[in-house]
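Colleague: I would like to go through how some labels in this model were reached. Please take them one at a time.

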Amino acid sequence: MMDEGTELSLTIAQIVQRLKATHLHSQIERQAKECLHRPEIQLESLKEDVRNFLKASGWERKLQNAVYRELHVNWEKRILKSLNSMCTELGVPLARKRPAVEQKELTNKWNEMGTDEPDLSRFRPVYAPKDFLEVLISLRNPNHDSSEEASAKSHWGLIQVPLHDRDIPQMREAYSELSLTTGQLGIDDHTHVPPDLFESEHIRIGKKVVNEQDSAAAQQYSRQGCPTGLRADLWALILNSTNEPEDVMHYEQLKAGVIHHDLLVDNLIYKDVKLTASNDDYYFVFEDFLYQVLLCFSRDTAVLEHFSYNSATPPKSYIQGKVGVEEFAVVYPPNGVIPFHGFSMYVAPLCFLYNEPSKLYSVFREMYVRYFFRLHSVSSSTSGIVSLCLQFERLLQTHLPQLFYHLREIGAQPLRIAFKWMVRAFSGYLSTDQLLLLWDRILGYDSLEIVAVLAAAVFAFRAENLMEVTSLTSAEAVLADLSTLKVMPLIQIFLFATVI
């Protein structure tokens with residue numbers, strides 16, 4: 001298999017080849033030929049002119065998006081190849097209809113699937129977050145001249161694409177509701193100062209927002225945190241997840257699909273839940289819910305709609321038709337999402353909020369198509385994982401340059417440690433109450449950017465210890481346990497008490 005660098009070079013070459021047939025190419029070629037006959041024009045200035053022209057014409061953005069799209073397509077091909085190889089090696093079909101006896105058995109144990117102990121030893125996760133990170137590290141902008149910034153701090157990190165990111169003054173303005181002078185659940189409710197005026201007033205306003213069913217007000221409200229007793233209703237309101245009779249019916253149809261047909265990815269779901277949530281002190285009790293939600297999710301073709309605003313395309317595999325009919329391509333799995341190691345942790349925290357499977361499913365699906373898909377897709381979105389990685393590295397490089405340089409020099413690039421936190425939006429790393437406070441703000445600001453801020457804040461909090469480490473292993477040990485951290489104080493101090 002080709003390495004990421006070779007694959008990316010071929011991708012860029014293919015895009016350039018396509019450009020040769022465009023009007024843009026002929027324009028650039030004509031201007032270049034004219035410039036070559038002018039002695040005052042230097043090659044370097046010509047390169048600069050071309051770059052400026054690409055920016056002004058909007059083609060730089062198009063070229064960049066094309067590179068992301070091609071890279072993601074190649075990544076999806078690698079995942080599918082791995083899936084198909086597993087299918088061949090194990091002699092397991094991608095999909096099969098369950099015999100009537102098996103259907104009945106699954107129907108009877110639907111609410112206690114966690115008691116099953118199937119042999120999953122032969123199945124392996126298709127990929128882990130660290131594999132995806134290597135793909136992102138290989139990403140380059142073909143129009144970006146890295147020699148211009150050879151000495152710049154941007155080259156201390158692993159992400160080498162020139163995406164727009166916000167500095168701390170801009171973030172202070174964007175996240176003004178998180179300032180040190182504004183009341184916050186996650187801080188002011190833990191001060192133990194009677195009579196806790198902020199909390200009681202905040203709850204009163206929250207109840208009013210829920211009663212009025214105002215989605216925009218609920219989103220604004222959650223920027224200061226949602227009270228435990230109101231969070232489920234507020235999140236459902238923000239996500240427009242009403243759990244109408246048609247939503248319940250849709251869930252039941254998906255459940256019927258699970259009972260009638262067995263998919264290879266079902267084994268990947270079982271394996272992931274067993275490896276992650278089932279071993280987690282907070283989430284092991286929700287094992288049955290996780291199977292129900294994730295198995296239904298894999299059959300939900302409505303999830304495919306998110307590909308219309310995603311740079312990726314749904315993966316397709318070939319299914320053998322009837323006797324005498326050739327193979328034909330279908331989206332596989334039906335929802336277009338191949339689960340990776342840790343995927344079940346997107347659902348697990350929601351189990352604390354919703355005990356009705358159809359409601360839990362509806363909220364999770366909305367969270368996924370709004371936010372979570374961006375954490376494992378290659379795109380230039382400001383909430384996409386590439387931007388989050390870049391934002392994290394820039395924040396750390398700008399405000400803790402000594403720490404960043406030290407870790408880089410000992411072979412402990414910060415992103416290699418923080419990536420697993422960000423790709424799961426910290427699920428499984430923070431205590432549940434703290435994670436839900438973080439997700440309040442994701443919903444409140446309709447952005448995942450706060451995830452990158454928290455990742456940088458964690459490094460800042462542990463900076464003194466990290467300056468003493470001498471290897472990647474010891475750095476990972478310092479940051480191994482985040483379960484005692486308090487999210488909002490870390491974010492507030494990093495954003496509003498950092499000296500600029």
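Modeller: Contact means that heavy atoms lie within 4.5 Å. This is a predicted model.

Colleague: With which residues is Trp421 in contact, leaving aside its neighbours within four places in sequence?

Modeller: Trp421 is in contact with Phe426, Tyr429, Ala455, Val458, Phe459, Leu479 and Leu482. In the largest nonpolar core, which has 151 residues, Phe364, Trp421 and Phe459 touch the most other members.

Colleague: Why is Asn267 called buried?

Modeller: Buried means under 20% relative accessible area. Asn267 has 16%, so Asn267 is buried. Asn267 is in helix H12 (residues 264-275).

Colleague: What makes Val331 partly exposed?

Modeller: The label covers values between the buried limit of 20% and the exposed limit of 50%. Val331 has a relative accessible area of 23%, so Val331 is partly exposed. Val331 lies in strand E4 (residues 328-331). Not counting residues up to four places away in sequence, Val331 touches Leu304, Pro314, Pro315, Lys316 and Gly336.

Colleague: How do you know that the span of helix H11 agrees with what it should be?

Modeller: At 1.5 Å a residue, the 16 residues of H11 (residues 245-260) should span 22 Å. The end C-alpha atoms of H11 are 23 Å apart, which agrees.

Colleague: Which residues of H11 are buried, and why are they said to be on the same side?

Modeller: The buried residues are Tyr251, Leu254, Lys255, Val258 and Ile259. They cover an arc of only 145° around the axis, so they are on the same side of H11. On the other side, Pro245, Glu246, Met249 and Gln253 are exposed.

Definitions and conventions:
Residues numbered from 1 in each chain as written. Predicted model: local features only at pLDDT ≥ 70, side-chain atom pairs only at ≥ 80, totals over all residues. Heavy atoms only, no water. Core = buried A, V, L, I, M, F, W, Y, C linked by side-chain atoms within 4.5 Å. Buried < 20%, exposed > 50% of the residue type's maximum accessible area, 1.4 Å probe, protein only. Helix = DSSP H or I, 4+ residues; strand = E, 2+ residues; numbered from the N terminus. Expected span 1.5 Å × (residues − 1). Arc of directions from axis to C-beta.
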